[in-house]
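Subject: Structure handover

Hello,

Here is the structure I said I would pass on. Please open it beside this message and follow along as you read.

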Amino acid sequence: GPALDERGRLDPLASVGGLRGIVEASLPTFVFLVASLVTGQVWPAGLAALAVAVVMGVVRLAQRQSPVQVVAGVVVVGLSVALALTTGRAADFYVWGLVTNAVYLVAMAVSVAVRWPLAGVLFGLVRGEGTEWRASTARRRQYAAATWIVAGVFAARLAVQLPMYLADAATGLGIARVVMGLPLYALGLWLAWSVSSPRGSAPGAPASAPSTDARRG
């Protein structure tokens, strides 16, 4: 979810877990990419990526962070590694990312179609609007536009990465996965927040005093 700074404006970097969040989200993929290039084999690359994910998880647990998020992160990497090892194709390490991006894209499109744009549901809570924004046609349109912006991040990932997967271009796919990770999502989140800013307030400022609250793609 979005994180706000002391002035109530969206902090895009904090919203994706800061620099640490970006590094930790990208590191297993980066390690898999480098190891597969160096060894030319899926097994050592997969085991290296999983080992990195486990080490990061242990560190997070030692720092008393949410065990649910820690376990989820390790499980996702584990599933990606398991699929790649099962098929013997390095490109299959990235399948989970393609699937999740497709699911998020569809969910956002459906939310706009049923007039409950997800950006409005999320940002409305943070801004203190609740669901009152739905009574305004202008606000619904703003939040629909904001939702399409974030959906565009997922669509861009699929547009670039799916053809690479189909072509079994594992190296290019790994690079694209790292480059189009959390920083791109943070940019989309910031643009969505700015586009949906209530009229009469500065871009990124909340409609009322918000509560505090971070993440991924």
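Accessible areas here come from the Shrake-Rupley method with a 1.4 Å probe. By that method, the accessible surface of the protein comes to about 10900 Å², and 68% of this belongs to carbon and sulfur atoms. Please keep in mind that this is a predicted model.

Overall make-up

The protein has nine helices and zero strands. Read along the sequence, the pattern is α-α-α-α-α-α-α-α-α. The protein has 217 residues, of which 42% count as buried.

Helix 2

Helix 2 covers residues 18-39. Its 22 residues should span 32 Å at 1.5 Å a residue, and the end C-alpha atoms are 32 Å apart, so the two values agree. Helix 2 also has a bend of about 40° at L27, and a proline, P28, follows within four residues. Just after helix 2 comes G40, with a positive phi of about 70°.

S36 lies in helix 2. Is S36 buried or exposed? The relative accessible area of S36 is 17%, and buried means under 20%, so S36 counts as buried. A polar atom of the S36 side chain lies 2.8 Å from the backbone oxygen of L33. If neighbours within four places in sequence are left aside, S36 is in contact with Q41 and A45.

Helix 4

Helix 4 runs over residues 67-87. From its first C-alpha to its last, helix 4 reaches 30 Å, close to the 30 Å expected for its 21 residues at 1.5 Å a residue. Which residues of helix 4 are buried? They are V70, V77, S80, V81, A84 and L85. These residues cover an arc of only 135° around the axis, which means that they are on the same side of helix 4. V68 and T86, on the other side of helix 4, are exposed. The cover over the buried residues of helix 4 includes helix 2, helix 3 and helix 5. Just after helix 4, G88 has a positive phi of about 80°.

Two arginines in loops

R64 is not a glycine, yet R64 has a positive phi of about 60°. Where is R64 placed? R64 is in the loop between helix 3 (42-62) and helix 4 (67-87). The relative accessible area of R64 is 78%, and exposed means over 50%, so R64 counts as exposed.

R115 is not a glycine either, and its positive phi is about 65°. R115 is in the loop between helix 5 (95-113) and helix 6 (118-127). R115 has 54% relative accessibility, and with the cut-off at over 50%, R115 therefore counts as exposed.

Y104 in helix 5

Y104 has its place in helix 5. At 42% relative accessibility, Y104 falls between the limits of 20% and 50%, so Y104 counts as partly exposed. How far apart are Y104 and V150 in space, C-alpha to C-alpha? The distance is 9.4 Å, while in sequence Y104 and V150 are 46 residues apart.

Regards

Key
Residues numbered from 1 in each chain as written. Heavy atoms only, no water. Buried < 20%, exposed > 50% of the residue type's maximum accessible area, 1.4 Å probe, protein only. Polar contact = N/O pair within 3.5 Å; in protein donor to acceptor, adjacent residues only side chain to side chain. Contact = heavy atoms within 4.5 Å. Expected span 1.5 Å × (residues − 1). Bend = angle between axes of the 7 residues up to and from the residue. Arc of directions from axis to C-beta.
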